[in-house]
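Keep the sequence at hand.

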Amino acid sequence: MDQGERDAFLGQGRMCRAAPLGADGRPHNSPLWFVWDCQSLWLNSIVRSQRWVNLQRDLRVSVVIDAGTDFSELRGVELIGSVEQVGNAPRTENADESLAVPEGLFGDK
């Protein structure tokens with residue numbers, strides 16, 4: 001995929017598989033909804049989840065977004081990097097301007 005195809009593919013997707021590293025160094029793979037703003041992949045996690053605990057300990061993560069049913073239709077994108085927490089965790093009832101873009105994208109989906 002070129003960059004435009006990647007952006008279109010990620011813009012249409014709903015679910016990814018995020019794999020942060022567990023305490024034992026092995027990946028802990030779990031499904032999440034996501035949004036893509038053509039620069040960043042935005043994830044939303046429950047702060048009491050194992051995924052959140054793992055990401056607080058080690059920011060490294062691999063994320064896969066794939067699609068297709070038949071073998072000839074299979075396609076996907078893997079993103080490998082580090083997470084950055086944006087906004088308060090846990091969330092409060094107060095609006096957070098730093099989350100305006102991803103919240104709008106999640107709302108549109």
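Accessible areas here come from the Shrake-Rupley method with a 1.4 Å probe, and for residues only the protein chains shown count as cover. On that basis the accessible surface of the protein comes to about 7500 Å². Carbon and sulfur atoms account for 50% of this surface.

The model is predicted: local features need pLDDT of at least 70, side-chain atom pairs count only at pLDDT 80 or more, and totals for chains, interfaces and linings use all residues. Residues are numbered from 1 along each chain as its sequence is written, and side-chain values use heavy atoms, with hydrogens and water left out.

Start with the overall layout. The protein has three helices and five strands. Helices (H or I, at least four residues) and strands (E, at least two) are DSSP runs, numbered from the N terminus. Along the sequence they follow the pattern α-β-β-β-α-β-β-α. The C-alpha atoms fill a box of roughly 45 × 35 × 20 Å, taken along the principal axes.

Next come the contacts and charges. Contact means heavy atoms within 4.5 Å. Take the contacts between residues at least 6 apart in sequence: 49% of them join residues at least 24 apart. The protein carries 11 positive and 16 negative side chains. Lys and Arg count as positive and Asp and Glu as negative, while His and the chain ends are not counted. Each charge is placed at NZ of Lys, CZ of Arg, CG of Asp or CD of Glu. The centres of the two sets lie 8 Å apart.

Now move inward. A residue is buried under 20% relative accessible area, exposed over 50%, and partly exposed in between (1.4 Å probe, protein chains only). Of the 109 residues, 28% count as buried. In soluble globular proteins, nonpolar side chains tend to be buried together. Which residues make up the largest nonpolar core here? It has twelve: F9, L10, C16, A18, L32, F34, W36, L55, V61, V63, I65 and V77. α1 (3-12), β1 (15-20), β2 (30-36) and β4 (60-67) each supply at least two residues of this core. A nonpolar core is a set of buried Ala, Val, Leu, Ile, Met, Phe, Trp, Tyr and Cys residues joined through side-chain atoms within 4.5 Å.

A18 is one of these core residues. Leaving aside neighbours within four places in sequence, A18 is in contact with H28, N29, S30, L32, V61, S62 and V63.

L41 sits in strand β3. Beyond residues up to four places away in sequence, L41 touches F34, V35, W36, V63, I65 and L79. Its C-alpha atom is 9.9 Å from that of G11, 30 residues apart along the chain.

Helix α1 holds R6. At 24% relative accessibility, R6 counts as partly exposed. R6 touches M1, W36, C38 and V77, not counting residues up to four places away in sequence. G4 is partly exposed, at 46% relative accessibility. From G4 to G87, 83 residues apart along the chain, the C-alpha separation is 29 Å.

C38 is found in the loop between β2 and β3. Its phi is near 75 degrees, a positive value in a residue other than glycine. C38 is partly exposed, with a relative accessible area of 42%.

Is S49 buried or exposed? S49 lies in the loop between β3 (41-43) and α2 (50-57), and it is buried because its relative accessible area is 15%. The side chain of S49 makes a polar contact with the side chain of S45 (3.2 Å). A polar contact is a pair of N or O atoms within 3.5 Å; within protein, one must be able to donate a hydrogen and the other to accept it, and residues adjacent in sequence count only if both atoms are side-chain atoms.

D96 belongs to the loop between β5 (75-82) and α3 (100-108). A polar contact of 2.6 Å joins the side chains of D96 and S98. Not counting residues up to four places away in sequence, D96 touches G87 and N88. N88 is found in the loop between β5 and α3. N88 counts as partly exposed, at 48% relative accessibility. The C-alpha atoms of N88 and E78, ten residues apart along the chain, are separated by 27 Å.
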